[in-house]
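Let's take a walk through a protein model together.

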Amino acid sequence: MSDKKRNSAAKLIVKNKDAYFLAAPFFLLFFVFTVVPMIAAVVFSFFRYDLSGLPEFSGIDNFSSLFMLGGKFTSAAANSLLMFLAVGAGGFVLCFAAAWGLDLLPKKFADVITIILFAISLSGTAATAVWLSGGLLDPLNSFLVGAGFSDVPSEYLSDGRYAFLCVALSQLFTTFGIGFLSLRSGFRAVDREKADAAKIEGIKNPLWILVHSQIPSLYPQMLFAFAVQIPFAFTNGELLRILSGTPAEDLGTYSIMTFIFEQGAELDVGKVCCAEVILLLLMTLIYAAARIIVKKFSKDV
Amino acid sequence: MNKNKKQLVFLLIKIVVIILVSIIALGLCAPIYFVVIRSFSPTEELFPIKLFPAEPTLRHFSELLNGVGEYGTPFSRNLFSSLLTALLTAVIQISVVCAAAYVLAKVKAPGIKALNLIIEWSIILSPLTLYVLRYFLMLKMGISDTYFAAVLPLAASPLAVFLVKGYMRVVPDEIIYCARLDGASHFRICFGIVMPVIKPAIIAVSVLTFGELWQYTGELFVKSEAVKPLSGLMSEFSASAESAGIFCALAAVITIPIIVLSAVFGKEIAQTAECAGIRTEHKTKIKAQKSDKAV
C-alpha cells in the first residue's frame, strides 16, 4: 500500500517536474534572503561575532546580557508589546470597524473613501515624518505655535511625554492597508443568502446581521488583515524614526526594532540575532494564537 | 403618511452620516495635503501654517533637482537610483512571483502544500523585520552597497506571492487541466495562459512593492551616495530654517507618485485584495473534493 503511494508520488513529481523548475527562482531567492537569515539568527545568537574574524561560542551569554543591559532591552520589549496593542490590535479593530461602517454606506461613496484610506496607508509614512521632524518650521509646530496652542516649538518625537502618542497616532493613520481592503471586499462578497434570509425574517438590525451572518464568513479576511497588522505594528515606527531623522533615545518609542538597528550599526551580530529571535518568536506566537482562534471558530460554521 | 415620515428620517440620517464621513476623510487627507502645499510655498510663508500659499513657487523643487549632497552627488542621481531600483524590482518580482504563485495555486504535486503553508506564515515577515539580518548577510556577500541589496529581498516577497496566488482562483482549473492534456508544459500555461488573466494582481502587487520601495531608505546598507535612494535623503534634511521647504518638496516627490498610482489602479488592487484571505480549513475542503471525484 505505502509502496503504491510512494510510486504515485514519484510519478506526480516526474510528471510535474517543470513546475518545480518554475517555482525554483522564487524559492531560491526566498531561501537565501529569508530562510538563511532566520536560521543564521538562531545559530549566531549563541556566538560572539563582529563579522570579521571567527565567531566565538559564548553559550547563552548574549541572551543574559540582553536582559542585563540596564533594562534597555526589557523596556524595548515592553514598548514593542504596548505598541502592538495600540497599533496592531487597535489598528485591526479600526480597520474592521471602518470596513463594516463603509459597507453600510452607498457603494460608490464607500469605494472612494476606501481608495483614499488605502492611498494614505501606502504613502503616508513620509508625510508623517515631515510633520514630526521637529523645529519651528515642521507643519505640526507651525500649526500649534502659529495658532497659539503652544509658545515654543518642541521635538515631539524625542519628547518622552508625546513620543509614544505621536508614533501610535501616525501608525494608525497609515493602518488602512491591504488588510483593510481585504476586509472591505470580504464584506461585499459575504454570503448574500444569509443576509436576505435575515431580511425576510424582518431583521434589520445591522449589528445582528454582522454577528450572525457576516463575521462567520469573514474569518479568512480577518486572519489575513490581522497577519498583515503584526509586522506593521512591530516595525513601522522604526521607519518613521529613520525617515524623520530622529536619534534613537530611551523613550516610549524605543522598540525591539530600534534596538536591532542600533546594535546592527555597531555590527554586534550576537545581540542583533538574539533580539531578532525574540522578535520573530513573539510575532509567530501572536499569529499562531490568532490562527488557532480563527480555526476553532470557523469549524463551528 | 407615517411611512413617508420614517423614510424621510432615514434619508436625513444617511445624508448626515455621509457628510460626517466626508469630513473625517478630508481631515485624514490634511497631513499629506499640507506637506504637498508647503512644498510650493516660499520659505517665508511656512510659518504660520497656511491653507494655500499667497505666492506659489517651484523653487524648492528646482533646488532639490539641482541640489548637491554633502559629497557632491546631485540629488537627481538619487532620484535616478530610486527609479532604477523600482524598475529592476518590478521586472524581477513579476516574473519570479507569478511563476511561483501559479505553481502554488494550480499544481498538485508532492511538497506544494508545505510550500503553501510556509508562504502563509511568512506574511508576518515584512521586509523591515529581517532588515538588519539581511544587512549582515549582504555585507558578507559583498553586495550590501549595490542596487541588489534592495531589489533581491523585495523581489522574493512572500506577501506578493500570497496575493497573486489568491487571485489565481479567477483562472478555472479546467482550462489548465485541458492544456495539460494537450501536452502543454507548465511554463507555457503559466506565461501564455495564466499571466494575461491575472493582470490585475500583477498591477496590484507592483503598486504595493513600489510604495514599499519608494520609502526604502537604504539605512545601514547604502554607503556610497550614488546608490542612495531618494528616501535615504529624508533624514539628511530637517525642518530647519534653510531646508524646510526642500524637505517638504522631497516628501512630496516621495508621496505623490504613490498616491497617483494607488488611485489609478485602485480597482485592480481592490480586486486582488478580494481574493486575499487565509483559509485555515484547507484540509477538510481538499478531502471533500477528493471524495467527490471518487464518486
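First, the ground rules. This is a predicted model, in which local features need pLDDT of at least 70 and side-chain atom pairs count only at pLDDT 80 or more, while totals for chains, interfaces and linings use all residues. Residues are numbered from 1 along each chain as its sequence is written, chains are lettered from A and ligands numbered from 1 in the order in which they are written, and side-chain values use heavy atoms, with hydrogens and water left out.

Let's start with how helices pack. Two packed helices are described by the angle between their axes and the distance between the axes. Helices here are DSSP runs of H or I with at least four residues, strands are runs of E with at least two, and both are numbered from the N terminus. The axes are lines fitted to C-alpha atoms, for helices over the stretch in contact, and the angles run from 0 to 180 degrees between N-to-C directions.

Contact here means heavy atoms within 4.5 Å. Sorted by class, the contact of H2(A) with H3(B) has 13 nonpolar residues, no polar and no charged ones. (Nonpolar covers Ala, Val, Leu, Ile, Met, Phe, Trp, Tyr, Cys and Pro; charged covers Asp, Glu, Lys and Arg; the others, Gly among them, are polar.)

Now move to a pair within chain B. Helix H7 (residues 158–167) and helix H10 (residues 199–214) have axes that come within 9 Å and cross at roughly 160°, so H7(B) and H10(B) are roughly antiparallel. Their crossing is right-handed. H7(B) brings B:Ala160, B:Leu163, B:Val164 and B:Tyr167 to the contact, and H10(B) brings B:Pro200, B:Ala201, B:Val205 and B:Leu208. The count by class for H7(B) with H10(B) is 8 nonpolar, no polar and no charged.

Next, zoom in on helix H12 of chain A, residues 256–265, where A:Thr258 sits. Is A:Thr258 buried or exposed? A:Thr258 is buried, because its relative accessible area is 2%. The cut-offs are under 20% for buried, over 50% for exposed and partly exposed in between, using a 1.4 Å probe and protein chains only. The side chain of A:Thr258 makes a polar contact of 3.0 Å with that of A:Glu238. Such a contact is a pair of N or O atoms within 3.5 Å; within protein, one must be able to donate a hydrogen and the other to accept it, and residues adjacent in sequence count only if both atoms are side-chain atoms. A polar atom of the A:Thr258 side chain also lies 3.0 Å from the backbone nitrogen of A:Ser255.

A:Gln263 is in helix H12 too, and at 7% relative accessibility A:Gln263 counts as buried. Leaving out residues up to four places away in sequence, A:Gln263 touches A:Asp268, A:Lys271 and A:Val272.

Now for some backbone angles. Most residues other than glycine have a negative phi. A:Leu267, in the loop between H12 and helix H13 (269–300) of chain A, has a positive phi near 60°. A:Leu51 is not a glycine either, yet has a positive phi of about 75°. Find A:Leu51 in the loop between strand S1 (47–48) and strand S2 (56–57) of chain A.

Last stop: distance. A:Asn7 and A:Ile39 are 32 residues apart along the chain, and their C-alpha atoms are separated by 33 Å. For A:Gly71 and A:Asp18, 53 residues apart along the chain, the C-alpha separation is 53 Å.

Methods. Angles under 35 degrees count as roughly parallel, over 145 as roughly antiparallel, 65 to 115 as roughly perpendicular and the rest as oblique. A crossing is left-handed if the near helix is turned anticlockwise from the far one by less than a right angle, and right-handed if clockwise.
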